Amino acid sequence: MNLRFIDDKSTQLVLFDMDGVVAEFVSGEESLIQKEVPNVYLNKRPLKSVISIAEKLHEKENVTVGILSSCEFFSQIKEKKEWLAKYMPFVDESNIYIIVWADGKYSREERKFAKVDVIKKISGYKKIFLIDDKHDVIKATNKELPNVAHHVSELIF
């Protein structure tokens with residue numbers, strides 16, 4: 001486990017993406033999500049190695065663990081929160097941030113900047129980190145907020 005960016009002193013928020021980070025993303029499920037097929041999120045396999053790391057971070061006195069994810073439709077928020085309650089019950093609901101693309105705030109090209117906007121609005125922490133699997137999101141985040149975003153593989157290797 002490589003957590004060199006986490007320290008033992010300052011208050012920190014570590015935000016994990018869901019799809020492809022703590023929950024398996026299966027090729028082809030994108031079309032089911034786009035069609036708003038029920039239970040797609042509820043049936044995702046938990047990625048236990050990453051969830052275990054998140055839980056270890058949660059046990060640190062100065063670290064808060066949260067979720068920063070997205071979904072296509074408002075109806076999918078409930079599924080994501082149910083999944084989190086089942087597999088990551090240690091994450092407080094006040095630390096769950098879910099961006100809904102159906103609200104039309106971001107075009108497809110602008111979506112990589114959405115998480116940056118959410119992170120900028122969070123206060124109360126000396127440091128905030130994002131663990132994600134999408135390189136365009138990591139690059140866009142680190143361009144505006146240097147050293148905030150990290151690829152999920154950094155935790156494992």
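Colleague: Which backbone oxygen lies 2.8 Å from a polar atom of the side chain of Gln-12?

Modeller: A polar contact is a pair of N or O atoms within 3.5 Å; within protein, one must be able to donate a hydrogen and the other to accept it, and residues adjacent in sequence count only if both atoms are side-chain atoms. Here the backbone oxygen is that of Ser-10. This is a predicted model, in which local features need pLDDT of at least 70 and side-chain atom pairs count only at pLDDT 80 or more, while totals for chains, interfaces and linings use all residues. Residues are numbered from 1 along each chain as its sequence is written, and side-chain values use heavy atoms, leaving out hydrogens and water.

Colleague: Is Gln-12 buried or exposed?

Modeller: Buried means under 20% relative accessible area, exposed over 50%, partly exposed in between (1.4 Å probe, protein chains only). Gln-12 counts as buried because its relative accessibility is 0%. Leaving aside neighbours within four places in sequence, its contacts (heavy atoms within 4.5 Å) include Phe-5, Val-63 and Phe-129.

Colleague: In which strand is Gln-12 placed, and what is the strand order of the sheet?

Modeller: Strands (E, at least two residues) and helices (H or I, at least four) are DSSP runs, numbered from the N terminus; two strands pair if DSSP finds at least two bridges between them. Gln-12 belongs to β1. The open sheet has 5 strands in the order β3-β2-β1-β4-β5, with parallel pairing. β3 (96-100) and β5 (149-151) each have a single partner strand, so one side of each is left without a neighbour in the sheet.
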